[in-house]
Amino acid sequence: MKILRKLKSIALFFIVFLFIIFYWVEGKEEKTEYLIITGARLIDGTGSLPKENMVIVIANDKFEKIGSEGKISIPKGAKVIDVKGKTVIPGLIDAHVHFTYPPKEEEFYVYNDSIASFRAVHFLNQYLMIGVTTVRDVCSYNNVGIMAKKAFKEKLFIGSRPIVVGQGITCTGGHGTEGSRTGIAVEVDGPANFRKAVREQLRRGADLIKILPPYSREEIKAAIEETHAWERFVTVHSGVFKKQYDFVRWAVEFGADCIEHAYAIPDDVIKLMAEKGVYCVPTLSVLLTLGEETKKKGPEWEWKAKKYFECIEIFKKMKRAGVKMGIGTDYIGKYMSAYPWVYFDEVEKFVELGYTPMEAIVAATKINAEICNASDKLGTIEKGKLADLLVLDEDPLKDIRNLRKVKLIIQGGKIIKNTL
């Protein structure tokens, strides 16, 4: 009988213990933090017309409800921010950066992971403060980009959300290894080693894969097949040599998801990109800057300058063909001093060359999220997505330069900057 009573006491203890745990967990789950934006003129990033007097309900880090004033109930205890007379858009995305790159090429001789990490945090913080809530880093020094992503998830710094490829993959002596550059790209040869390099970057924690020419037809085929076998996106640098256009053609034929730069892309490949749904990040501003600098080197460099300047016509051809293009900057080395504001130069260049302001905003948000393979989480203000948004002082559809006038930045449901 004593044993039975003891067993009953133990059972009763565990039942009470389980009830306490259950109600504690339930209570924890009920503590949702609500942030409400009211009076918004909403450009949601989908391309739909702006909606007036909208209410946006953010629950913890996600959008929970979006609707007209009077139709959305405001939860008790919620923080409410009235933005009447202002325009709300999704957080901006830069689809082509290198946030671990040193400001001088020769620094690669003495570069290391520590200083690369400090530079990454500085860059990402600067970018967030102008409203770029996410970046796609397409080649980082060693493993620093992947570790920056881990540090961001652990809330070790405040900055743009990194989506990363880790190191690029090229052949021995390929693009990304020129001069003093080290650690930006891994050098491998042969289809089997290209496959292995893809697996290694994914094992380390890369979100995407980037391939840089030159490579053989068999090598790029193997790299793309392997990346897709792991259900990831692969992007490819467009070209390097004077007359060689096969690199980008092979990449598109074998199903690359994106091509970097409006450079060395022939007409038939543009048509194929449109047919196969291959994206492009044209990086117009930096190509035009490089064209101007190359032109100053003398007549023997005229061919190279011409290829840079061709980006304008290639861009226009891609737009006419229906190729989806995203906003990316790609300023590296000495050009990095142009950050963070150079991002808006690229957006404005899209409009200058034929995009409407709405199309440019969609390119900077929705299309860029697709290019990041993160459209389920980012790019538009819709229920269930991460709550990244900007409040602008003036209407960007009247003047795309109004994207520069950010009054409120929210990233993942947290207020980053508020000057309303």
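**Note on aromatic rings in the predicted model**

1. The charged end of Lys 319 lies over the ring of Tyr 355, at 5.3 Å from the ring centre. A charge sits over a ring if NZ of Lys or CZ of Arg is within 6 Å of the ring centre and within 35 degrees of the ring normal. Lys 297 likewise has its charged end over the ring of Trp 301, 4.3 Å from its centre.

2. This is a predicted model, in which local features need pLDDT of at least 70 and side-chain atom pairs count only at pLDDT 80 or more, while totals for chains, interfaces and linings use all residues. Residues are numbered from 1 along each chain as its sequence is written, and side-chain values use heavy atoms, with hydrogens and water left out.

3. The whole structure contains 20 aromatic pairs (rings of Phe, Tyr and Trp, the last by its six-membered ring, with centres within 6.5 Å; planes under 30 degrees apart are stacked, over 60 edge-to-face, the rest tilted). One of them is the edge-to-face pair of Tyr 127 and Tyr 343, with 6.0 Å centre to centre and 85° between the planes. Because Tyr 127 belongs to helix α2 (residues 113–128) and Tyr 343 to helix α11 (residues 342–352), the pair ties together parts 216 residues apart in sequence. Helices are DSSP runs (H or I, at least four residues), numbered from the N terminus.

4. Both Tyr 127 and Tyr 343 are buried (under 20% relative accessible area, 1.4 Å probe, protein chains only). Ring pairs link these two residues into a cluster whose members include Phe 99, Phe 123 and Trp 341.

Conventions:
Helices (H or I, at least four residues) and strands (E, at least two) are DSSP runs, numbered from the N terminus. Buried means under 20% relative accessible area, exposed over 50%, partly exposed in between (1.4 Å probe, protein chains only).
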